[in-house]
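Reader: I would like to learn how to read aromatic pairs and pockets in a model. Please take me through them.

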Amino acid sequence: MEQSLPALIRLDHPAPAPDEARNGLIADPGFGRVFTDHMVTIRYSDDLGWHSATLGPRGPLSLDPATAVLHYAQEIFEGLKAYRLTDGSMALFRPDANARRFNQSARRLAMPELPEQLFIDSIKALIDADKAWFPPVEGGSIYIRPFMIASEVFLGVKPSSEYLFMVICSAAGNYFKSGAPAIKIWVSENYTRAAPGGTGAAKCGGNYAASLIAQQEATGQGCDQVVFLDAAEHRWVEELGGMNLFFVFDDGSILTPPADGTILQGITRDSLIQLARAEGLTVREENYAIDQWREDAQSGRLVETFACGTAAVVTPVGSVHGREDSFTIGSGGPGQLTEKLRSRLVDIQRGTAPDPYGWVDRIN
Ligand code: PLP
Ligand code: COI
């Protein structure tokens, strides 16, 4: 049965952050700690479908201790950004792609799909309400976190009959604290992220919970991020804990691991593939072995490697570290093609270059 979309009820905030406090917070927001005044909540039940859509003051949730998500982790999320365009208006980047991926994740986690229009409209309403939180810093954005949890109070193991969809926002600067020109990554030998048939292609909290010990190992080794190899052979490079990877060769061609079920189908990844092809570059979506990566970096056949994602945008990888050995990529700093593709993407996102793909979705 096609359900009509519930109207978004707007509740006034009794005490939004005063200008001075907000301006202090957004002057150096970092990533993921400075939250805006409002949030969206939409409820689902098997009986009523999606209902009670509200844009209201941001605040804590009250959950029964037996709420299903707290026990079986039936949870999914998305991550996208709002940018300020040169004319001062706000825009989202490819929110339709996030809405589609959210529903792919929902299907994998046996959760109800949210109408794509409701996903996009509720985000736009929230950004419009909280646009004063846009941080005046280089590379600043409002990072948007839509998510859905299983909210039925029941301890039996089954898909919940009730869900809560929410959207929260935070003012964001750089994802990586170090501000280094290129990141160091750690090869996880003991832990894998995803196996065929598992949840690797879904954006569910459980994937990240399972990745934390490997990320902790990476941090302990002085690295910024962990890179996972495939679960079956421990040979093929898959992705980082929260980013996809690209490899650039001395003939100007590019390779990225195929999105065939065990990695997240990054929207930044897809955008960069299209932008690189538009530049006339050859882009292959093929498996790449860790031994080949080391050999190619050492022979000079591989000249650049970069990570990409909404939070990290395009970040050069400077060196790769493992138990046995380490290797440097190119000069260890940002490569030329990495910089070029990053600018192509960022210029479209911020409205300083034309958008022939229709990726920029204006809010106001
Ligand atoms: N891979 C993982 C595991 C991620 O968490 C993310 C971030 O969302 C990405 C890749 C990049 O995806 P996107 O470009 O859609 O942000
Ligand atoms: C994103 O880029 O949106 C993510 O979800 C990745 C996470 C590391 C913040």
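This is a predicted model: local features need pLDDT of at least 70, side-chain atom pairs count only at pLDDT 80 or more; totals for chains, interfaces and linings use all residues.

Reader: How many aromatic pairs does a search of the whole structure find?

Author: A pair of aromatic rings is described by the distance of the centres and the angle of the planes. Rings of Phe, Tyr and Trp (its six-membered ring) pair if their centres lie within 6.5 Å; planes under 30 degrees apart are stacked, over 60 edge-to-face and the rest tilted. The search finds 15 such pairs here. Tyr44 and Tyr163 make a tilted one, because their planes stand at 55°, with the centres 6.0 Å apart. Tyr44 is in strand β3 (residues 38-45) and Tyr163 in strand β9 (residues 162-172), so this pair ties together parts 119 residues apart in sequence. Strands (E, at least two residues) and helices (H or I, at least four) are DSSP runs, numbered from the N terminus. Tyr44 and Tyr163 are both buried. Phe246 and Phe306 are stacked, at 5.0 Å centre to centre and 5° between the planes.

Reader: Where does the largest pocket lie relative to domain 1 and domain 2?

Author: Rolling a probe the size of a water molecule over the atoms shows where empty space is left. A pocket is an open set of points on a 1 Å grid over the protein atoms alone where a 1.4 Å probe fits, with protein on both sides within 12 Å along at least five of seven lines; lining residues have an atom within 4 Å of a point. The largest pocket lies between domain 1 (9-172) and domain 2 (183-349), because both give residues to its lining; the bounds come from an automatic or database domain assignment. Its volume is about 1200 Å³, meaning the space filled by probe spheres set on the points, which are joined across faces, edges and corners.

Reader: Which element gives the most to that lining?

Author: α5 does, with 5 residues. The lining has 45 residues, and among those nearest the centre of the largest pocket are Phe31 and Tyr175.

Notes: Residues are numbered from 1 along each chain as its sequence is written. Chains are lettered from A and ligands numbered from 1 in the order in which they are written. Side-chain values use heavy atoms; hydrogens and water are left out. Buried means under 20% relative accessible area, exposed over 50%, partly exposed in between (1.4 Å probe, protein chains only).
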